[in-house]
Amino acid sequence: MPRLFTALEIPRDAALSLSLLRGGLPGARWIDVENYHITLRFIGDVGGHVADDIADALDRVRRPSFTLSLTGVGAFGQKKPHSIWAGVMASPDLSALQAEIDRICQRLGIGADPRKFTPHVTLARLRNTHPAEVARYLSARGNFSATPFKVGRFVLMSSRDSVGGGPYIVEEAWPLTGSVAVSRVDNASDASRIMR
């Protein structure tokens with residue numbers, strides 16, 4: 001059973017900029033560059049019919065393409081830091097897309113995410129890293145920014161059982177208007193589009 005979430009992919013140039021933030025922090029397990037993404041909505045472990053219902057509902061999302069900027073770095077877990085992330089500059093289009101996907105999931109009976117949507121790209125997971133080391137790392141890289149990039153689609157991703165950080169698989173992709181049409185990634189029949 002896959003663990004599903006909707007996300008935005010990080011283009012190559014932005015991913016290369018993010019990769020320069022790797023290193024210099026004891027106890028960090030750095031996320032592979034090809035697994036960088038911005039989670040829009042965590043869905044979780046679901047059965048095949050629910051996954052197909054989600055995919056069918058996401059087919060109806062009609063949102064414009066938009067530009068995003070990655071800027072700044074931070075950590076989750078103040079007293080006991082557990083991850084390092086790069087920030088995403090506020091974007092009304094991003095917020096609207098995320099909110100629509102969240103409403104779709106709730107209509108399909110997937111419980112609300114208890115965490116407030118904080119768009120970010122996870123760079124590393126931390127284990128027994130002292131908060132002072134994290135503070136030093138963040139202060140040395142706080143001025144991070146990457147060249148803005150255009151978001152032309154959003155995706156439904158899956159991950160199999162792991163400690164976190166991938167590997168992630170794009171199950172389906174939906175274009176945002178103003179971008180080139182994107183065909184389905186998975187060509188399986190409608191009855192089992194995602195689950196195999």
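W85 is buried, with a relative accessible area of 18%. The cut-off for buried is under 20%, so 18% falls on the buried side. F76 is partly exposed, with a relative accessible area of 25%. That value lies between the limits of 20% and 50%, so F76 counts as neither buried nor exposed. These values come from a predicted model.

Aromatic pairs were then examined. A search of the whole structure finds 4 of them. One of these joins W30 and Y137, with ring centres 5.9 Å apart. The two planes meet at 45 degrees, so this pair is tilted. W30 belongs to strand β2 (residues 28–30), whereas Y137 belongs to helix α4 (residues 131–141). The pair therefore ties together parts that are 107 residues apart in sequence. Both W30 and Y137 are buried. F76 and W85 also form a pair, with ring centres 5.5 Å apart. Their planes stand at 40 degrees, so this pair is tilted too.

The wider fold was described next. The protein has 4 helices and 10 strands. From the N terminus, the elements follow the order β-α-β-β-α-β-β-β-α-β-α-β-β-β. An open sheet of 4 strands is present, with the order β3-β1-β9-β10 and antiparallel pairing. Its edge strands are β3 (37–45) and β10 (168–175), and each pairs on one side only. On average, neighbouring strands of this sheet are turned by 25 degrees against each other, direction ignored. Strands of a sheet pair through backbone hydrogen bonds. Strand β1 (residues 3–9) and β3 run antiparallel and are joined by 7 bridges. Within this pairing, L8 stands opposite I38 in β3.

Two helices pack on the sheet. Helix α2 (residues 48–58) touches β1, β3, β9 (153–159) and β10. The direction of helix α2 makes about 30 degrees with that of β10. Helix α3 (residues 92–107) touches β1, β3 and β9. The direction of helix α3 makes about 5 degrees with that of β3.

Totals were computed for the whole protein. Buried residues make up 45% of its 196 residues. The accessible surface comes to about 10,200 Å². Carbon and sulfur atoms account for 52% of that surface. Among contacts with a separation of 6 or more, 75% are between residues 24 or more positions apart.

Definitions and conventions
Residues are numbered from 1 along each chain as its sequence is written. This is a predicted model: local features need pLDDT of at least 70, side-chain atom pairs count only at pLDDT 80 or more; totals for chains, interfaces and linings use all residues. Side-chain values use heavy atoms; hydrogens and water are left out. Two strands pair if DSSP finds at least two bridges between them. Axes are lines fitted to C-alpha atoms, for helices over the stretch in contact, and angles run from 0 to 180 degrees between N-to-C directions. Contact means heavy atoms within 4.5 Å. Buried means under 20% relative accessible area, exposed over 50%, partly exposed in between (1.4 Å probe, protein chains only). Accessible areas come from the Shrake-Rupley method with a 1.4 Å probe; for residues, only the protein chains shown count as cover. Rings of Phe, Tyr and Trp (its six-membered ring) pair if their centres lie within 6.5 Å; planes under 30 degrees apart count as stacked, over 60 as edge-to-face and the rest as tilted.
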